[in-house]
Amino acid sequence: MLRERLRHEMRQADRDRCSLGVLLIDLDHFKEINDTLGHLVGDDLLVEAARRISACTRESDTVARLGGDEFIVLLAGLKDPTHAEMVAAKIIDRLAQPFQLGESARYVSASVGITVYPQDAREVEDLLKSADQAMYVAKRQGRNRFSHFTQGLQTQAQERARLIGDLRDALENGRFHLHFQPIVDVATGQIRKAEALLRWNHPTRGTVLPDEFIPIAEETNRIVQIGDWVFHEAARWAERWSAIIPGFQVTVNVSPLQFRAEGAASRASWIARLREGRLPRHAMGLEITERLL
């Protein structure tokens with residue numbers, strides 16, 4: 001029904017020579033409500049969220065739920081594109097107000113992606129995809145905000161899809177390598193530690209830094225395999241340096257995903273590696289992030 005209504009409003013916008021605004025709304029941290037209070041309470045929150053979103057729109061607009069905690073709003077007959085921003089800001093404000101769920105008040109926020117027909121896209125699926133891309137930008141920027149679709153987002157999405165494909169082959173083809181940053185003992189001036197830094201030697205793009213590919217590796221769950229390779233490669237170097245410098249230590253950065261169930265086999269292999277006897281236990285250190293804590 002949403003797609004039928006979307007096609008109808010697109011035709012109407014063409015006839016009236018105006019625009020159609022599409023807002024994709026995703027509730028932030030909704031999974032925590034389901035996990036802590038149960039799905040029935042989560043359903044009550046969704047019903048209330050739908051009521052609040054509808055209250056921010058006109059009679060001529062359409063509000064639909066895509067599934068899960070995602071909603072779509074169609075803003076028909078848009079003469080001024082800034083009207084979409086006003087509606088998005090109003091929705092974000094209303095959803096940020098406390099939800100009374102049983103005896104407790106709970107808070108959620110919303111991330112909203114905005115796209116406009118015909119400026120941003122001319123097909124139904126392209127419009128929905130554009131709104132989705134804009135919504136994820138709002139998520140990455142900190143949630144509880146809206147973001148507009150731009151052609152730059154489309155380029156980024158295409159580049160990201162290529163990186164996902166290339167990441168699959170990087171391990172098999174030996175494209176990863178480690179750099180080591182020395183850690184100096186200020187009192188003595190001696191190098192006692194080194195931090196292993198992962199680099200990806202891409203066949204066409206050259207060196208790709210972790211800030212660019214680690215989030216993708218985490219999203220696609222390839223970080224466990226990559227982290228496993230990093231640990232064993234770093235251990236190989238630690239073994240060499242420990243034989244020369246007593247007490248030397250190599251540290252590696254560890255993703256939160258490596259501490260979940262998916263990383264159990266890797267962790268077991270790390271411990272087995274340390275128990276082989278050639279490497280002192282203190283020779284390896286794990287760096288964890290604030291996000292993991």
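**Note on pocket lining, helix packing and backbone geometry**

1. Helix H7 gives the largest share of the lining of the second largest pocket, five residues. Helices here are DSSP runs of H or I with at least four residues, strands are E runs of at least two, and both are numbered from the N terminus. The model is predicted, so to speak of local features takes pLDDT of at least 70 and side-chain atom pairs count only at pLDDT 80 or more, while totals for chains, interfaces and linings use all residues. Residues are numbered from 1 along each chain as its sequence is written, and side-chain values use heavy atoms, without hydrogens and water.

2. The second largest pocket holds about 370 Å³ of space. Its lining has 20 residues, and Pro210, Ile214, Asn253, Val254 and Ser255 are the closest to its centre. A pocket is an open set of points on a 1 Å grid over the protein atoms alone, where a 1.4 Å probe fits, with protein on both sides within 12 Å along at least five of seven lines; lining residues have an atom within 4 Å of a point. Volume is the space filled by probe spheres set on the points, which are joined across faces, edges and corners.

3. At least two lining residues come from each of strand S9 (191-202), H7 (210-219), helix H8 (223-244) and strand S11 (249-253). By class, the lining has 12 nonpolar, five polar and three charged residues. Nonpolar covers Ala, Val, Leu, Ile, Met, Phe, Trp, Tyr, Cys and Pro; charged covers Asp, Glu, Lys and Arg; the others, Gly among them, are polar.

4. H8 packs on helix H9 (residues 264-275) at about 10°, axes 10 Å apart. Axes are lines fitted to C-alpha atoms, for helices over the stretch in contact, and angles run from 0 to 180 degrees between N-to-C directions. H8 and H9 are therefore roughly parallel (under 35 degrees; over 145 is roughly antiparallel, 65 to 115 roughly perpendicular, the rest oblique). Contact (heavy atoms within 4.5 Å) involves residues including Phe231 and His232 of H8 and Trp270 and Arg273 of H9. The contact residues split into five nonpolar, four polar and four charged.

5. Helix H1 (residues 2-16) meets helix H5 (residues 124-140) at about 105°, with axes 10 Å apart. The two are therefore roughly perpendicular. Arg3, Leu6, Arg7 and Met10 of H1 touch Val124, Glu125, Leu127 and Leu128 of H5. That contact has five nonpolar, no polar and three charged residues.

6. Helix H3 (residues 39-55) and helix H4 (residues 82-95) pack at about 145°, axes 9 Å apart. Ala49, Arg52, Ile53 and Ala55 of H3 contact Ile91, Arg94 and Leu95 of H4. The classes are five nonpolar, no polar and two charged.

7. Two backbone points deserve a look. The peptide bond from tyrosine 117 to proline 118 is cis, omega near 5°. Proline 118 sits in the loop between strand S6 (109-117) and H5. Arginine 143, not a glycine, has a positive phi of about 65°. Arginine 143 lies in the loop between H5 and strand S7 (145-148).
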